[in-house]
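Hi everyone, thanks for coming. Could you bring the structure up on the screen, please? Then we can walk through it together.

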Amino acid sequence: MIDLPEAAGLLKAQSRVVILTHSNPDGDTLGCGYSMMRALKKLGIKSKLLNGDKIPEKFSYMFCDNDDVDEEHAFILAVDVADPKLLGPLEKRFSDRVDLCIDHHGSNLIYAENTFVDSSAAAACESVFELIKLMGVQTDADIATCLYTGIATDTGCFRYSNVTAKTHLAAAELISCGARHSFVNTLMFETKSKAYFALEKLCLDSMKLCFNDQVAIIRLTEQMYRESGADESYADAIASIPRQVEGVKIGVTIKERPGGEYKISLRTHEPYDAAAICKTLGGGGHARAAGCQVSGSIEDAERKITEAIKKVII
């Protein structure tokens, strides 16, 4: 474990950096990655961002051209990646090669040679913002917009319980640096396609309540994607739905992935710890939002998560 000044020193000493972001990418991992790419380029350091999945088009405003970087001899930086398994298709290539990890998940497995984790941060972008300043890079409007995206999306536009005064102060500073906050908020929280609404309807039709209506479970299958015309980029927005039902304390979304795998996303209200529940199935995350992945059928996935919840439900 190292501190941010040490992390800044490590990065400034490099000539080429490969940045790893987690599969099924969200605004935080991409906000970290693309802001860091821009910061490194300002220092004359070549950088390349990799993701095991296709990056959703809605994040295209953050995109930055990859430099020609020799991956075999580059410094490997992972951002917002608590577990090498989250690298997805990139895991085999890089799981034992990560030189530095910057994260905000208390469940981080400390798999990198050097690790900085601030579990009090609402988003990894909070820490990356401080890191970029320690590297002596001025935060321009493009960097600020990337970082603001990560903070806004990981806090549900500042609605979740992970938000602190520090989160608001960071967002305010990013806005003063030129972050396109209104554009980001409109795109991320107020704009949904017809395909999304078709997918949401199918998911709502699958909803079931259990444990005296304290738990809501919905399914998100490959068939639903085909029928609605949507894709996996809509999954994060869908995952927040079950917890919104009045009286529900634990919202569960079971998402089918290729190869007979199912990703389970939990969103909870107090007193239930989503990370603790998911940890029993090999996953992790935060107290109010966490996930895990299981194999088998969708019925197997539902049975496993309901058994885990049964052990803690009041």
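This is a predicted model: local features need pLDDT of at least 70, side-chain atom pairs count only at pLDDT 80 or more; totals for chains, interfaces and linings use all residues.

Let's begin with the helices. Find α4, which covers residues 124–134, and α6, which covers residues 165–176. Their axes come within 10 Å of each other and cross at roughly 55°. Because of that angle, α4 is described as oblique to α6. The crossing of the two is left-handed.

So who is touching whom? On the α4 side, look for E126, F129 and K133. On the α6 side, the partners are K166, T167, A170, E173 and L174. If we sort the residues of this contact by type, we get 4 charged, 3 nonpolar and 1 polar.

Is T149 buried or exposed? T149 has a relative accessible area of 0%, so it counts as buried. Leaving aside residues up to four places away in sequence, T149 touches G27, F59, Y61, M62, V184 and M188.

My last stop is D70, in the loop between β2 (46–50) and β3 (75–79). D70 has 38% relative accessibility, so we call it partly exposed. A polar atom of the D70 side chain lies 3.1 Å from the backbone nitrogen of E72.

Key. Residues are numbered from 1 along each chain as its sequence is written. Side-chain values use heavy atoms; hydrogens and water are left out. Axes are lines fitted to C-alpha atoms, for helices over the stretch in contact, and angles run from 0 to 180 degrees between N-to-C directions. Helices (H or I, at least four residues) and strands (E, at least two) are DSSP runs, numbered from the N terminus. Angles under 35 degrees count as roughly parallel, over 145 as roughly antiparallel, 65 to 115 as roughly perpendicular and the rest as oblique. A crossing is left-handed if the near helix is turned anticlockwise from the far one by less than a right angle, and right-handed if clockwise. Contact means heavy atoms within 4.5 Å. Ala, Val, Leu, Ile, Met, Phe, Trp, Tyr, Cys and Pro count as nonpolar, Asp, Glu, Lys and Arg as charged, and the others, Gly among them, as polar. Buried means under 20% relative accessible area, exposed over 50%, partly exposed in between (1.4 Å probe, protein chains only). A polar contact is a pair of N or O atoms within 3.5 Å; within protein, one must be able to donate a hydrogen and the other to accept it, and residues adjacent in sequence count only if both atoms are side-chain atoms.
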